[in-house]
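Thanks for coming. I will walk through one structure today, from the whole chain down to a few residues.

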Amino acid sequence: MKSRTIIISALSILLIGFLIYNKMNSSEIESKKNAAPNPDIAKKIGAQVSAYVVSPGKLDNNVVSTGTVSANNEEQLFSEISGKITHIYFKEGGKVRKGELLVKINDADLQAQLAKAIAAKKIAGEIRDRDKKLLDKQGISQQEYDQSVSVLDQANADIALLNAQIAKTEIRSNYNGVIGLKSISEGSYITPAVKIASIQEIEPVKIDFSVPEKYTTQVRVGDLVTFTIPGSKDVFHAKIFAIEPKIDLATRSLLVRAICPNQDEKVLPGSFANVELILKQIDNAIMIPTQAVIPVLKGQQVYVSRNGKGQIVPVETGLRNDTTIEITNGLHAGDTVITTGIMMLKPGVNLKIKSVK
């Protein structure tokens with residue numbers, strides 16, 4: 001019984017020792033696998049990398065911004081005088097033409113005064129004509145004739161004043177456009193403080209947006225703009241027609257205004273707009289993946305493959321987007337730029353390119 005216990009204890013000790021040795025050996029193997037590649041070794045046996053062959057292509061230099069749509073012209077309709085509304089001639093949400101009569105205010109008293117003034121003018125004219133004949137015969141003095149002329153002139157002035165007052169009883173449109181919702185009714189009493197409705201000239205519409213200060217020298221009147229609005233998949237086109245001659249001190253941006261024909265009237269004033277300004281197009285731009293560019297103390301550089309070896313090339317960069325960056329100096333068409341495995345490279349290292357784009 002005692003020898004059996006000794007044998008079991010010995011086997012247990014051997015099993016525990018085997019498990020400990022196996023775990024230590026596995027950890028050593030794993031650490032070797034995870035060890036960072038040695039650049040010197042990579043230089044001898046060749047570093048595995050991915051590459052990108054440079055080829056020039058078209059590059060649009062676009063600026064993305066947000067803006068607001070506004071009517072080409074907007075009119076808030078108010079009456080210049082107080083009075084009772086006798087007729088409303090427009091339909092809410094309908095189109096109106098310039099000069100079209102929209103609202104009529106009671107002018108009965110003014111029409112009566114006008115008729116009286118016209119009658120007074122007729123009498124004054126007859127008196128003036130009679131006095132002219134008497135003056136020619138020296139039947140009256142020049143002063144008496146001048147008085148009759150003055151009475152006629154005053155009658156004409158009274159008629160002009162009444163016509164001007166009557167014109168104020170007619171509310172007319174100053175633009176071609178679409179009239180909004182009315183806030184009045186026939187028979188109600190209106191004052192100059194009461195808004196009647198608004199008119200929006202929406203063919204064309206304006207788009208106001210801002211561009212960063214650094215683009216101010218590149219923005220020109222006539223530049224093309226595309227924009228979208230919420231709720232629509234359509235892309236609308238506009239053209240810059242005015243630029244604010246001042247940088248906004250708060251935002252350090254330049255206010256720009258474009259105009260869109262809006263012939264189908266799909267774009268409404270007040271809409272939010274996602275704007276893209278097309279500044280210029282570069283026909284032979286060299287673009288490479290962003291991850292290929294290495295920032296250094298004195299600028300930026302990339303690794304290129306030349307004769308199977310890695311070489312450092314200083315570069316100058318320009319425009320960039322989400323995945324690529326423009327190289328303005330340092331690379332040429334046909335150069336093979338290293339895009340992955342860059343951290344294990346040294347100048348002159350042998351390269352094993354596993355994939356090329």
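Among contacts between residues at least 6 apart in sequence, what share joins residues at least 24 apart? The figure is 74% in this protein. Please keep in mind that this is a predicted model.

Some totals next. The protein has 357 residues, and 33% of them are buried. Its secondary structure comes to 4 helices and 20 strands. The accessible surface is about 22,400 Å², and carbon and sulfur atoms account for 55% of that.

Let me start the details with helix 3. This helix covers residues 108–136, which is 29 residues. From its first C-alpha to its last, helix 3 reaches 42 Å, close to the 42 Å expected at 1.5 Å a residue. Which residues of helix 3 are buried? They are Leu-110, Leu-114, Ala-117, Ala-124, Gly-125, Asp-131 and Leu-135. What do these buried residues pack against? Their partner is helix 4, residues 142–167. After helix 3 comes Gln-138, and the phi of Gln-138 is positive, near 60 degrees.

Now the charged side chains. How many salt bridges does a search of the whole structure find? The search gives 9, and I will go through three of them.

Next is Arg-172 with Glu-170, where the closest N and O atoms are 3.0 Å apart. Arg-172 is partly exposed, with a relative accessible area of 38%. Glu-170 is partly exposed as well, at 26%. The residues named so far in this part belong together: Lys-104, Asp-107, Glu-170 and Arg-172 are linked in a network of salt bridges.

Then there is Arg-257 with Asp-208, with the closest N and O atoms 2.6 Å apart. This pair links distant parts of the chain, 49 residues apart. Arg-257 sits in strand 12, residues 253–260, while Asp-208 sits in strand 9, residues 195–212. Arg-257 counts as partly exposed, at 31% relative accessibility.

Let me move to strand 1, residues 47–53, where we find Ser-50. Why is Ser-50 called buried? Its relative accessible area is 11%, and buried means under 20%, so Ser-50 qualifies. Which residues does Ser-50 touch, leaving out those up to four places away in sequence? The list is Val-337, Ile-338, Thr-339, Thr-340, Lys-354 and Ser-355.

Last, the surface. Val-53, Ile-353 and Val-356 form a nonpolar patch there. Together these three residues have about 210 Å² of accessible area. One of them, Val-356, is found in strand 20, residues 351–356.

To recap, helix 3 packs its buried residues against helix 4. Four charged residues, Lys-104, Asp-107, Glu-170 and Arg-172, are linked in a network of salt bridges.

Definitions and conventions:
Residues are numbered from 1 along each chain as its sequence is written. This is a predicted model: local features need pLDDT of at least 70, side-chain atom pairs count only at pLDDT 80 or more; totals for chains, interfaces and linings use all residues. Side-chain values use heavy atoms; hydrogens and water are left out. Helices (H or I, at least four residues) and strands (E, at least two) are DSSP runs, numbered from the N terminus. The expected span of a helix is 1.5 Å times one less than its number of residues. Buried means under 20% relative accessible area, exposed over 50%, partly exposed in between (1.4 Å probe, protein chains only). Contact means heavy atoms within 4.5 Å. Patches are made of residues with over 30% relative accessible area and no salt bridge: like charges are joined within 9 Å, nonpolar side chains (Val, Leu, Ile, Met, Phe, Trp, Tyr) within 5 Å. Accessible areas come from the Shrake-Rupley method with a 1.4 Å probe; for residues, only the protein chains shown count as cover.
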